[in-house]
Amino acid sequence: MPELKVLQRAFLAIFLLLILITFAFPTERAASSNAQGFGALRVASAAEMTPAERGFHNLTKRPYGPVLLTPQMLEKLWTVWDPAWKAKVDPNNPQQIRQLIFERYGLSEAPYPNDGVPMQFVATERGWVINCMICHGGRLPGSGKSMVGMPNTELDLGTLYQDAQKLFGINASGDDQGLTRGRTNAFVFSLKLLQRRNEDLSPRSTPVDMGNYKNHDLDAIPWWHLKKKKLLYSDGAVSGDFVRPIMQFTLIEPSGEKIRSWESEFSDVLEYLRSIEPPKYPWPIDARLAAEGKKVFEQTCAQCHGTYGPDGKYPNRVVPLEIVGTNSLRLTGLTREFRRYFNRSWLGAKSRAEEEPKGYIAPPLDGIWASAPYFHNGSVPTVYGVLTESARPKYFRRIGAPKEYDTRDLGIKVEILSGPATPDMPPEARRRIIDTTLPGLGNQGHPFGFPLSEKEKRQVIEYLKTL
Ligand code: HEC
Ligand code: HEC
């Protein structure tokens, strides 16, 4: 398995990088976890805060892990860019370089005070610490306003890591973080982090055998659905208490003891996540068409996706793969060994991960207009495409963002391409092209809307805008 070897090496490089940074800035780490720093501030006002408010504070202000980008790195990052990007840089204009950094990696302004740092990072004295919003914070279509819990469908984490590694002189592919822009390899990333931990999360030198896992790109799930969920993740595999499972990403912090001490902070984070409301559709809606769509929806979609409004019910239904028919790699690429070890570890002690999940959960559809592209792998750009097989492009590239929105088909505007990326393109440009023939990115399945007439599809789409 030479492929696997490369991946392992790449991961090792990242791990080394994190350790390197961690040791390079010991004072920062001490400060970031010092009860007299953020902690004291938080305790002072904690009494007046609700759990959800505390959760928001933790999520946006507490650094859970080492610094990823330092001010020195930020200044120099552009020097390792490919020629086409370098040509855009005016070295004497830091503001412009900042804009280009946002654009290249898919970062966005924080919708709360954050010392000028994008929402995807927590600002500390020594640099930027990556936070959950790297994948779970993005810009809403239309207004372009940043929102916590909006999937970051503009993110290119692979290029960010690759560039950071180049600055350090480490050569790695960046593919571990995701093969394409707008998606991440989040679960293999967690698998590889957990592999280096004992069951109590203390670090270990020999990795746990996690079987034959495979990289698979995933679309982050909007957080505003969480209040309805009894089953976590796109395979609905995790049930029970969600606090520890949502801490998986904190394994970038080297100390297991420290991670375990964050449990109550994450209990508040979960409360906050459950308080997030779906964003309202910002353009006009044809109320009569939507009312007709509600009827079609209740007949053809509600048994899986639930009903909406004050008496709405969400069934938390996992649909077997043979029935939903979407890409299977999310189910098979994450191994049974991982799921088993997760259950045995501290992370899984209060919840249960299904060892052999059978399919995908039919997600709630409130605010679905905002979270394009669709399916667990983000392989279909519009809702019309979800309902129509022939409207699912094989190769595409997202056009601009977030101004370019398709209000008719409900989703992001894309440029349909006649073929895949070519090897002569710089990796960053290649990663913008979605090739649905690649493993994990297939756009097949979910045939439930295919039999609807064109008129009924338009009605359903109009109804979905109201949710
Ligand atoms: C590298 C990207 C990435 C990071 C960082 C990340 N997530 Fe996620 N998250 C994802 C992806 C992708 C999914 C969907 C996985 C799937 O397909 O099941 C997800 C799913 C979730 C879900 C499940 C939602 C649902 O309805 O089932 C929650 C909750 C969540 N993440 C919380 C967090 C929290 C809290 C953090 C920070 C500690 C975090 N995530 C960090 C990528 C990320
Ligand atoms: C038999 C159950 C079932 C029925 C019926 C069904 N769906 Fe789905 N739907 C699913 C499942 C399961 C998924 C998740 C598939 C995946 O991510 O791979 C899904 C995904 C979706 C998504 C993408 C959600 C996202 O966040 O990416 C949309 C939109 C959607 N369905 C709309 C509809 C509409 C509209 C109808 C009715 C015409 C419908 N579905 C009927 C099970 C169903």
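Me: How many nonpolar, polar and charged residues does the shell around ligand 2 have?

Reply: Please keep in mind that this is a predicted model. By class, the shell around ligand 2 holds 17 nonpolar residues, nine polar residues and no charged residues.

Me: Which residues are the closest to ligand 2?

Reply: Ligand 2 is surrounded by 26 residues, and the closest are C301, C304, T326, A362 and H376.

Me: Which residues come nearest to ligand 1?

Reply: Ligand 1 has 24 residues around it, of which C132, C135, A186, Y233 and S234 come nearest. By class, the shell around ligand 1 has 16 nonpolar, six polar and two charged residues.

Me: Which helix gives the most to the shell around ligand 1?

Reply: Helix α8 gives the most, with three residues. At least two residues of the shell around ligand 1 are supplied by each of α8 (133-136), α10 (186-194) and α12 (263-273).

Me: Let us turn to the whole chain. How many helices and strands are there in the protein chain?

Reply: The protein chain has 20 helices and 14 strands. Of its 467 residues, 46% are buried. Among contacts between residues at least 6 apart in sequence, 71% join residues at least 24 apart.

Me: How should I read a sheet, and what is the order of the strands in the open sheet of three strands?

Reply: In general, the strands of a sheet pair through backbone hydrogen bonds, and the pairing is either parallel or antiparallel. In this structure, the open sheet of three strands has the order β1-β3-β2, and the pairing is antiparallel. β1 (67-69) and β2 (121-124) stand at the edges with a single partner strand each, so one side of each has no neighbour in the sheet. On average, neighbouring strands of this sheet are turned by 50° against each other, direction ignored.

Me: How many bridges join β2 to β3?

Reply: Four bridges join β2 to strand β3 (residues 127-130), and the two run antiparallel. A hairpin through two residues joins β2 to β3. As for individual residues, A123 stands opposite W128 in β3, and F121 has I130 in β3 as its bridge partner.

Me: Which residue in β3 does L69 stand opposite?

Reply: L69 stands opposite W128 in β3. Strands β1 and β3 are joined by two bridges and run antiparallel.

Me: In strand β10, which side chains point to one face and which to the other?

Reply: The side chains alternate along β10 (residues 395-398). Three bridges join β10 to strand β14 (residues 433-435), running antiparallel, and Y395 stands opposite D435 in β14. Strand β13 (residues 414-416) pairs with β10 in the antiparallel sense over three bridges, and the bridge partner of R397 in β13 is E415.

Me: Finally, how are two packed helices described, and at what angle do α13 and α20 pack?

Reply: One reads the angle between the two axes, then their separation, then the residues that meet. Helix α13 (residues 287-300) and helix α20 (residues 454-465) pack at an angle of about 105°, with their axes 7 Å apart. The two helices are therefore roughly perpendicular to each other. Among the residues in contact, L289, A290 and F297 belong to α13, while V460, I461 and Y463 belong to α20. By class, this contact of α13 with α20 has seven nonpolar, two polar and six charged residues.

Me: At roughly what angle do the axes of α4 and α12 cross?

Reply: The axes of helix α4 (residues 51-61) and α12 cross at roughly 110° and come within 7 Å. That angle makes α4 roughly perpendicular to α12. Residues of α4 that meet α12 include P51, F56 and L59, and those of α12 include V269, L270 and Y272. By class, the contact of α4 with α12 has seven nonpolar, two polar and four charged residues.

Methods
Residues are numbered from 1 along each chain as its sequence is written. Chains are lettered from A and ligands numbered from 1 in the order in which they are written. This is a predicted model: local features need pLDDT of at least 70, side-chain atom pairs count only at pLDDT 80 or more; totals for chains, interfaces and linings use all residues. A residue is near a molecule or strand if its C-beta atom, placed from the backbone, lies within 6 Å of it. Ala, Val, Leu, Ile, Met, Phe, Trp, Tyr, Cys and Pro count as nonpolar, Asp, Glu, Lys and Arg as charged, and the others, Gly among them, as polar. Two strands pair if DSSP finds at least two bridges between them. Axes are lines fitted to C-alpha atoms, for helices over the stretch in contact, and angles run from 0 to 180 degrees between N-to-C directions. Angles under 35 degrees count as roughly parallel, over 145 as roughly antiparallel, 65 to 115 as roughly perpendicular and the rest as oblique. Two residues are in contact if their C-beta atoms, placed from the backbone, lie within 7 Å. A residue is buried if 20 or more other C-beta atoms lie within 10 Å of its own, exposed if 12 or fewer, and partly exposed in between; C-beta atoms are placed from the backbone.
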